[in-house]
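Subject: Model for your review

Dear colleague,

I am handing over the structure below and would be glad if you could look through it alongside my notes.

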Amino acid sequence: MTLLTANSPTAELQALDAAHHMHPFTHGQELGAKGARVITRAEGCWLTDSDGNRILDAMAGLWCVNVGYGRKELAEVAARQMQELPFYNTFFQTTHVPALNLAAKLAELAPGDLNHVFFAGSGSEANDTNLRMVRTYWAEKGQPQRDVIISRWNAYHGSSVGSGSLGGMKGIHMQGGLPIPGVHHIDQPNWWSEGGYSTPEAFGLERARALEAAILEIGPDRVAAFIAEPVQGAGGVIVPPETYWPEVQKIVDKYGILLIADEVICGFGRTGEWFGSQTMGIRPDIMTVAKGLSSGYIPIGGSIVSDEVASVIGNTEFNHGYTYSGHPVACAVALENLRIIEEEGLVEKVRDDTGVYLRERFESLTDHPMVGEAKIVGMMGSIALTPQKETRAPFKAEAGTVGFKVRERCFANNLIMRHVGDRMIISPPLVISREEIDTLIERAWQSLDEGYAAVK
Ligand code: PLP
C-alpha cells in the first residue's frame, strides 16, 4: 500500500482512518459519517490540522504536554538513547542507567518519604499496579482480608479492567463487566452540582465523612486504601472545597488505611506545585504518575511509593510488571522533560506568574450569562454552564448537549476546550504566555456566546 503523509488531502486521510482505525472513547459510526479531525503538526501551544488551521490547544493534548510541543531536546535525547540502549527490561534483578536515574529523580521531587518507583507504561497500568500492590502490602502484613479499595463516583483512574474499576465512571462500568469485586465508590465533593443546599465548607466535610461512613460500613479491618485525584480531572475539573482534603487525611490516618493520590493529571506542575498532593496538603502513601512525567512525548507512568510500602513489598517477590516498565528511551525522555520543567521554572510560573494571570482571566468568564461558576487550580480549570445562575438549573436539553455545542463552537473558533457534560474544561501547556491566555479567553467567550445563542 502507499502510505499517506501529513500533506495528503484531508478527505483521503479521513477515509483511510475511518476504514481501519478504531478510536478510544469515540462512537465509531458517528465519527465515520463526519470524519476525524486530522492533526499534523504542533509547536508550543499550537496545533496545525490537515486543512492548515492553527488551533490553540487549551487541553495540552490530553492534559499532558506540560512543556509544550516541538521540544527538540526531547527528540534528541530519545534518538541518542535509542542508539545507545533502545530496550532492556528491568525484570529479574536487572537495571539500566535511565531507569535508575529517573527513579532517583522522582524520589527527590516527591514529597515526604515517597522514595521508590515502580514503572509502568501509562496511568492505567500504574493504577493496576497500585491495586495489586496495596492488596499485596496488607497480605504481607498478615491482613489479607484488607482488600477493599474505596474510590469515588465520577473519578477517572484509567480504562483497563483494574483502573476502570477503581474509577467511578458509569459509562466505563457499563461495558465489559466492571467494576471488579472489592472496589467501593463514595460520592464526590462536587459542590456546584450536588451541594447547593449547603455551604462549600459544610459540604466538603460531609463528602469527606462519607469516607468514614463507608469504612465503618465495610469494616475498618477490610479496607486497604482510598484512591483519589487531588483535583478530579476527567470528571470535569472538580475542585474540592477547602475542608475536604484535611478531613480525608484525618480519616485515613485514624483508620490506618493507605492513601493513593492519583497525580496523573495533577503532577509535574499542573496545580502550581510539583504535585497536587502538595497543593492540597495531603500525605499519600502512593502517588500515580504519567502524562506530564514525559509531557506526553513518550508513554510512561509509574507509582511513587513510600519507604514503608516499598519495604513491605520488598519482603516478597512482587509478581507484577510490564515489558515496558522503566523503558530506557521513555525514562531518558522523562528525565530531560523534568530538567526542562526545573530549568525553566515552570512550576513557579504556574504558581506565581502566568498561572495567576490565567486564574484572573478564567474567573472573569463568570460574567458570561451562561457561566455559573469558574474554578481553577494552577492550570486546570472548569466552568459550569447553566441557563440560570441563581438556581444552578440544568438545561432543558439532555445533560451535555449544550457543553457539546460549545465545544463544537470552540473547534470552529480554533480553540481546543473539552466538555464534560455541561462543564467546559481547560488544562493548557504550562508554557502558555499571557498573550495566548488572552486569545484563549477571547475565543472561549466567543464560543460561549455562539453556544448561548443556539440554546436561548
Ligand atoms: N488517572 C488519571 C487521573 C487520569 O486522568 C488518567 C487519564 O486521563 C489516567 C489515570 C489513565 O492514564 P492513561 O490514559 O495513561 O492510562
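Predicted model: local features only at pLDDT ≥ 70, side-chain atom pairs only at ≥ 80, totals over all residues.

Residues are numbered from 1 along each chain as its sequence is written.

The average pLDDT (the predictor's confidence in each residue, from 0 to 100) is 97 for the protein, and 100% of the residues score at least 70. For the complex, the predictor gives an ipTM of 1.00 and a pTM of 0.98.

The protein has 18 helices and 15 strands, these being DSSP runs numbered from the N terminus (helices are H or I with at least four residues, strands are E with at least two). Its radius of gyration, taken over C-alpha atoms, is 22 Å, which agrees with the value near 23 Å that a compact globule of 456 residues would have; the globule rule is 2.2 Å times the number of residues to the power 0.38. Of the 456 residues, 49% count as buried, where buried means 20 or more other C-beta atoms within 10 Å of the residue's own, exposed means 12 or fewer, and partly exposed lies in between, with C-beta atoms placed from the backbone. Among contacts (C-beta atoms, placed from the backbone, within 7 Å) between residues at least 6 apart in sequence, 71% join residues at least 24 apart.

Helix α10 covers residues 200-218 and reaches 27 Å from its first C-alpha to its last, close to the 27 Å expected at 1.5 Å a residue, a span calculated as 1.5 Å times one less than the number of residues. Its buried residues are F203, G204, R207, A208, L211 and I215; seen down the axis of α10, they fall within an arc of 150 degrees and so line one face of the helix, the arc being that of the directions from the helix axis to the C-beta atoms. These buried residues pack against β5 (148-152), β6 (183-186), α9 (191-194), β7 (223-228) and α11 (244-255), while the face turned away from them carries the exposed residues A213, L216 and E217. Just after α10, G219 takes a positive phi of about 110 degrees.

Lastly, A453 sits in helix α18 (residues 434-455) and is exposed, with 9 other C-beta atoms within 10 Å.

Technical notes:
Contact = placed C-beta atoms within 7 Å.
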